[in-house]
Amino acid sequence: MPMAPPITDLEQLKNHPAIARLLAWNPQVVEGVKFDRDEMSIIVERSAIREACALLKEDSVCPFNAFSDLTCVDWYPSEPRFELVYHLLSIPNKGRVRLKVKLNSSSPAVESITSIWPGANYFEREVFDLFGIRFTGHPYLRRILMPEDWEGHPLRKDYPVEGYR
Amino acid sequence: MILNMGPQHPSTHGVLRVLLEIDGETVVRMMPDIGYLHTGIEKTCEAKFYQQVVPLTDRIDYLCPLTNNLCYCLAVEKLLGLEIPAKAQWMRVLLNELTRINSHLVWLGTHALDIGAMTVFLYCFREREEILKLFEMVSGQRMMTSYFRIGGLALEPPLGFFDRVRHFAGYFPERVDEYENLLTSNPIWMMRTKGVARISAEDCLALGGTGPTLRGSGVDFDLRRDMPYSSYEKFQFRVPVSQDGDVYARYMCRVQELRESIGIVRQALDGMPEGPVKADAPGIVLPDREKMKTQMESLIYHFKIITEGFAVPAGEVYQAVESPRGEMGYYVVSDGTSKPYRVHMRGACFANLQTLPTMCEGKLLADVVAAIGSIDIVLGEIDR
């Protein structure tokens with residue numbers, strides 16, 4: 001079955017409720033959009049992620065009221081190296097949206113969204129633990145899966161998978 | 001006083017460690033500590049071919065292997081743009097509902113055992129044994145099934161399988177009555193669970209709760225009904241919701257789900273379509289054994305899939321299914337090669353565990369055990 005090519009043109013997608021909301025707030029924060037395989041991705045400017053999440057959560061037309069997932073993808077060795085991926089769910093509208101934030105490899109940090117969704121707490125700790133990304137404003141940013149004294153961040157692509165440490 | 005509970009403790013359902021700050025009998029603060037079962041499955045996936053990841057997904061959650069198989073297969077199929085034959089989809093629904101019953105039975109048995117009701121445990125495991133035998137029939141394995149493949153099922157279901165499922169579906173509702181007779185209006189059970197570990201819908205949603213934990217607080221949301229996958233839209237079922245948000249409400253949700261699930265199983269048996277169980281996609285789906293021995297092309301495809309896998313078009317997909325515990329999500333990123341660039345598993349229990357401190361803080365220490373049991377955690381999925 002041939003697949004429809006992804007749509008990345010902002011003009012075509014600006015009527016999607018999440019994109020429309022963000023554009024109405026500040027067009028600068030939307031760095032890119034992609035509609036691929038029935039899933040909408042929005043690349044959000046790094047410093048705006050917390051406010052973008054707050055806006056989408058409180059939106060009156062299409063509230064993305066549930067936080068599903070947060071993870072990270074390491075695109076080593078290209079830059080910007082890290083891509084944080086937020087999945088938001090709208091329970092009333094039965095839809096999802098994916099927000100992305102790109103981070104450079106030198107001391108990657110981003111604002112925590114735990115003040116909006118306390119449920120992001122463990123997810124941010126997991127990303128901190130396995131990728132070494134700092135979340136400013138997180139109430140308890142410590143390793144969650146690996147031991148406290150572990151060195152390195154195992155899910156980074158340059159982490160050795162064999163041999164002695 | 002700080003009290004350490006776990007990681008080896010019979011009521012933590014695995015290796016969960018909980019730090020409790022207590023004042024007399026009251027819990028002041030609660031801190032779950034996890035990671036004792038971390039095996040790095042997400043990292044392992046990056047070194048495997050797409051089809052080799054399927055057995056790994058079993059190992060995340062030993063109580064619902066088929067749900068995890070399904071979620072991963074759906075994600076990769078979405079990446080590939082594969083169309084799955086109707087019979088395979090219906091078989092997937094049937095087996096997923098049996099898995100839900102299996103998982104809820106273990107939950108009910110162990111949860112009741114934690115609170116002190118011994119008999120239910122033995123009753124639940126009696127029925128669970130029959131489901132495990134059904135799994136063994138289709139896949140050859142009782143627990144680590146790996147029966148779903150990218151593109152369909154591993155094999156045709158064996159002769160006599162449907163008759164046996166029908167027999168099970170025939171007597172199972174009576175068995176649910178038996179459990180309910182023991183618990184639902186039992187005064188001791190109600191004293192131990194009603195009004196205990198209460199959480200409001202807002203708190204539960206904000207903390208990432210999903211599945212029966214969320215529905216027990218009155219949020220009417222079920223991925224099977226609201227964002228259907230694998231032809232769930234063709235089945236009629238009710239989504240049980242309770243308003244109280246306590247241990248008893250979560251118990252009622254799950255027990256009613258047992259009845260709904262067996263209804264779905266019956267519908268799947270009655271309407272099971274005919275046809276192949278694998279998609280027509282040479283190069284992705286392994287050929288039949290017979291064809292492989294007689295046809296050159298099939299042999300070549302088989303050799304190529306086993307030795308070098310199959311390339312998946314670049315892209316990313318988030319697929320979520322309603323596991324017995326809540327929203328199980330797989331985020332799969334492909335860079336166009338035959339190995340996944342990144343596989344992330346969004347565990348339902350991982351998020352549900354965050355609701356635990358809100359349920360327990362300010363309440364009695366003795367109710368912590370009931371609260372842990374009521375969110376139905378599996379530590380393998382939390383730690384991955």
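In chain B, what is the order of the strands in the open sheet of 3 strands? The order is 6-7-8, with antiparallel pairing. Keep in mind during this tour that you are looking at a predicted model.

**Stop 1**

Select residues 315-323 and 342-346 of chain B. These are strand 6 and strand 8, the edge strands, and each pairs on one side only. To see one pair of residues facing each other, pick Ala320(B), which stands opposite Gly329(B) in strand 7 of chain B. Neighbouring strands in this sheet are turned against each other by 15 degrees on average, ignoring direction.

Next, show residues 65-80 of chain B. This is helix 3, which packs on the sheet and touches strand 6 and strand 7 of chain B. The direction of helix 3 makes about 150 degrees with that of strand 6 of chain B.

**Stop 2**

Move to residues 2-5 and 17-23 of chain B. Here strand 1 and strand 2 pair in the antiparallel sense over 4 bridges. Ile2(B) has Glu21(B) in strand 2 of chain B as its bridge partner.

Strand 2 of chain B also pairs with strand 3, residues 26-33 of chain B, again in the antiparallel sense, over 7 bridges. Click on Asp23(B) and you will find Thr26(B) of strand 3 of chain B opposite. The hairpin formed by strand 2 and strand 3 of chain B has 2 residues between the strands, and Gly24(B) takes a positive phi near 65 degrees there.

**Stop 1: two helices side by side**

Select residues 86-115 and 118-139 of chain B, helix 4 and helix 5. Their axes come within 8 Å and cross at roughly 160 degrees. The two helices are therefore roughly antiparallel to each other, and their crossing is left-handed.

Which residues meet here? On helix 4 of chain B they include Leu98(B), Ile101(B) and Leu105(B), while on helix 5 of chain B they include Phe121(B), Phe125(B) and Ile131(B). By class, this contact has 14 nonpolar, 3 polar and 2 charged residues.

**Stop 4**

Just after helix 13 of chain B comes Gly309(B), with a positive phi of about 70 degrees.

**Stop 2: the sheet in chain A**

Switch to chain A, where 5 strands form an open sheet in the order 1-2-5-4-3 with mixed pairing. The edge strands are strand 1 (30-36) and strand 3 (66-74) of chain A. Neighbouring strands of this sheet are turned by 20 degrees on average, direction ignored.

Strand 1 of chain A pairs with strand 2, residues 39-44 of chain A, in the antiparallel sense over 6 bridges. Val30(A) has Val44(A) in strand 2 of chain A as its bridge partner. Now select helix 3, residues 49-58 of chain A: this helix packs on the sheet and touches strand 2, strand 4 and strand 5 of chain A. Helix 4, residues 120-131 of chain A, also packs on the sheet, touching strand 3 and strand 4 of chain A.

**Last stop: where the chains meet**

Show both chains. The contact takes 29 residues from chain A and 31 residues from chain B. On the side of chain A, strand 3, strand 4, strand 5 and helix 4 each supply at least two residues. Strand 3 of chain A gives the largest share, 6 residues. By class, the side of chain A that touches chain B divides into 16 nonpolar, 6 polar and 7 charged residues.

Methods
Residues numbered from 1 in each chain as written. Chains lettered and ligands numbered in written order. Predicted model: local features only at pLDDT ≥ 70, side-chain atom pairs only at ≥ 80, totals over all residues. Pairing = 2+ DSSP bridges. Axes fitted to C-alpha atoms, helices over the stretch in contact; angles between N-to-C directions. Contact = placed C-beta atoms within 7 Å. Parallel < 35°, antiparallel > 145°, perpendicular 65-115°, else oblique. Left-handed = near helix turned anticlockwise from the far one by under 90°. Nonpolar A, V, L, I, M, F, W, Y, C, P; charged D, E, K, R; others polar.
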